Amino acid sequence: MSDNNVPFEIQEEIIKRLPIKSLIRFQLVSKAWKSLIGSRHFIADYSAPHPQLQHLLVRYDDGHTSKPIYSSVVDDHTLPNRRVSLTPPPLVNWLRDSIIIGSSHGLLCLHCFYGDDASYGFGTRMAVIWNISIRKAIAVVVPNEPDGEIYITFTSFGVCPETSDPKILKITEIKTWSDTESVTLIPWQVEVFTVSSGVWRCPYSTNLPRKSVQFSCSQVVVDGFCYWLATDRSTLDPGFKAYNLIISFHMTSEEFTEVNLPDSLIYEGSADYLNISNLRESLVVLDRNTEENVCYVWSMKDDGVSKSFTKLFTRCNTTECARI
């Protein structure tokens with residue numbers, strides 16, 4: 001395919017329809033193609049949902065190796081028969097006991113500690129962003145939390161919908177509500193890392209969550225927002241978490257916002273029985289009721305003015321709700 005015969009815009013449209021293996025090979029054709037395939041806007045367009053091409057990323061342990069196995073599985077009536085094994089880049093393989101903190105626009109972000117790697121030092125907190133389509137990854141050193149006895153740190157990942165710039169969000173909060181009055185340091189510390197700049201910085205917005213808000217580990221990215229389940233610790237009864245809510249973070253404006261849960265879930269008790277997930281680019285809340293042995297699934301609707309929840313369905317005879 002010659003640049004003299006076919007306009008580059010047409011070449012780009014053709015390349016977008018090629019399978020991943022071809023993309024990897026075609027990066028060697030020319031500098032222009034390599035630059036195109038590795039660009040943020042191409043990755044965003046290539047990762048957009050296509051009716052004829054839906055895949056699931058599956059990670060599992062086979063019991064024979066110390067490293068997890070990654071596979072791409074076609075999401076259709078043949079599930080899980082049509083699958084292809086993926087080869088993680090060295091940066092991913094070097095992680096030990098890694099956790100997936102988010103995925104967006106075809107990028108996967110993992111977080112853990114590096115092992116004995118001399119480049120970073122033993123026990124360094126790292127995040128690795130893996131572009132599965134072109135088999136490349138970058139490593140980001142995550143700053144240490146001030147004091148592990150007092151503070152706890154959460155990390156999240158998403159992509160800015162306007163610039164296609166991947167971002168890692170680091171949130172440090174005080175572990176125990178009783179310590180918020182005695183600790184002299186600021187109760188919240190939020191830092192944002194952007195791939196384009198390569199540095200950590202403060203968010204654009206200064207409206208941090210209230211210091212009484214406690215994040216949970218349940219988080220998800222939907223349509224340019226990162227969401228967490230949270231609890232307002234100022235309403236705690238002894239041994240009982242009384243007020244549940246959702247905290248959102250906009251990947252473009254970098255503003256935090258509180259989202260009210262359905263009335264039946266606000267005073268449900270511990271947020272441990274709740275979970276959030278992404279279902280067809282909509283935020284859903286899973287409410288596991290152990291007494292009734294059912295799981296309720298709620299979907300959030302955003303009309304641009306307010307956010308409301310609708311119960312989608314109830315799944316019976318289940319002892320545990322996993323993420324959708």
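Reading a pocket and a strand

Student: Which helix and strands each supply at least two residues of the lining of the second largest pocket?

Tutor: They are helix H4 (40–47), strand E6 (125–131) and strand E7 (136–141), where helices (H or I, at least four residues) and strands (E, at least two) are DSSP runs numbered from the N terminus. The model is predicted, so local features need pLDDT of at least 70 and side-chain atom pairs pLDDT 80 or more, while totals for chains, interfaces and linings use all residues. Residues are numbered from 1 along each chain as its sequence is written, and side-chain values use heavy atoms, without hydrogens and water.

Student: How much space lies in that second largest pocket, and which residues are closest to its centre?

Tutor: Rolling a probe the size of a water molecule over the atoms shows where empty space is left. Here the second largest pocket holds about 340 Å³, and of its 17 lining residues the closest to the centre are Gly 38, Ile 43, Asn 131, Pro 166 and Val 195. By class, ten lining residues are nonpolar, five polar and two charged.

Student: Is strand E2 mostly covered or uncovered, and which strands pair with E2?

Tutor: Strand E2 (residues 69–74) is mostly covered, with five of its six residues buried, that is, under 20% relative accessible area with a 1.4 Å probe, protein chains only. Pairing requires at least two DSSP bridges between two strands; E2 pairs antiparallel with E1 (residues 55–60) over six bridges, and four bridges join E2 to the antiparallel strand E3 (residues 83–86). His 55 has Val 74 in E2 as its bridge partner, whereas Tyr 70 stands opposite Leu 86 in E3.

Methods. Buried < 20%, exposed > 50% of the residue type's maximum accessible area, 1.4 Å probe, protein only. 1 Å grid on protein atoms, 1.4 Å probe; cavity = no way out; pocket = protein on both sides within 12 Å on 5 of 7 lines; lining within 4 Å. Points joined across faces, edges and corners; volume = space filled by probe spheres on them. Nonpolar A, V, L, I, M, F, W, Y, C, P; charged D, E, K, R; others polar.
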